[in-house]
Amino acid sequence: MTTLRSRSALLLLLTLLVPALPAGAGTFDDDGDLELSVSFRFPPTDDEIDQAKAQIQRASETLCDATDGQVRISRARLTGAALEERDA
């Protein structure tokens with residue numbers, strides 16, 4: 001039940017905190033680590049990449065705090081290539 005709540009909290013937080021990221025996917029491991037793959041649907045500028053990194057960092061901190069450290073964003077992969085959209 002706690003895992004379901006944690007994952008629900010993650011979905012809500014990512015939806016609310018990272019609205020500028022148009023596409024992505026993620027996987028959890030058994031330790032609560034989350035790996036994200038975020039795909040821009042356009043060639044991002046350096047500023048947009050920096051903004052996405054900052055938003056992901058804030059989401060990670062909020063998620064970790066909200067789940068008492070049970071769920072963490074351990075890795076975020078940013079891509080801008082249309083070829084990789086199927087993986088994001």
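Reader: Where does Asp68 lie?

Author: Asp68 lies in the loop between α2 and β3; helices (H or I, at least four residues) and strands (E, at least two) are DSSP runs, numbered from the N terminus. Before going further, please keep in mind that this is a predicted model, in which local features need pLDDT of at least 70 and side-chain atom pairs count only at pLDDT 80 or more, while totals for chains, interfaces and linings use all residues. Residues are numbered from 1 along each chain as its sequence is written, and side-chain values use heavy atoms, with hydrogens and water left out.

Reader: Is Asp68 buried or exposed, and what is its phi?

Author: Asp68 counts as exposed, because its relative accessibility is 71%, where buried means under 20% relative accessible area, exposed over 50% and partly exposed in between, using a 1.4 Å probe and protein chains only. Its phi is near 50°, a positive value in a residue other than glycine. Most residues other than glycine have a negative phi.

Reader: Stepping back, what pattern does the chain follow along the sequence?

Author: The pattern is α-β-β-α-β, with two helices and three strands in the chain. Of the 88 residues, 26% count as buried.

Reader: How many bridges join β2 to β3?

Author: Seven bridges join β2 to strand β3, residues 72-79, and the two strands run parallel; strands are said to pair if DSSP finds at least two bridges between them. To get from β2 to β3 the chain passes through α2, and this β-α-β crossover is right-handed, meaning that, with the strands pointing away from the viewer, the path from the first strand over the helix to the second runs clockwise. Within the pairing, Leu34 stands opposite Ile73 in β3, and Ser39 stands opposite Thr79 in β3.

Reader: And how many residues of β2 are buried?

Author: Five of the seven residues of β2 are buried, so the strand is mostly covered. Val38, which is found in β2 (residues 33-39), is buried with a relative accessible area of 5%.

Reader: Which residues make up the largest nonpolar core?

Author: It has eight residues in all: Leu34, Leu36, Val38, Ile56, Ala59, Leu63, Val71 and Ile73. A nonpolar core here is a set of buried Ala, Val, Leu, Ile, Met, Phe, Trp, Tyr and Cys residues joined through side-chain atoms within 4.5 Å. Both β2 and α2 (46-66) supply at least two residues of this core. Val38 and Ile56 are 18 residues apart along the chain, and their C-alpha atoms are separated by 10.0 Å.

Reader: Changing topic, how many aromatic pairs does the structure hold?

Author: The structure holds one aromatic pair. The rings of Phe40 and Phe42 have their centres 5.6 Å apart and their planes at 70°, so the pair is edge-to-face; rings of Phe, Tyr and Trp (its six-membered ring) pair if their centres lie within 6.5 Å, and planes under 30 degrees apart count as stacked, over 60 as edge-to-face and the rest as tilted.
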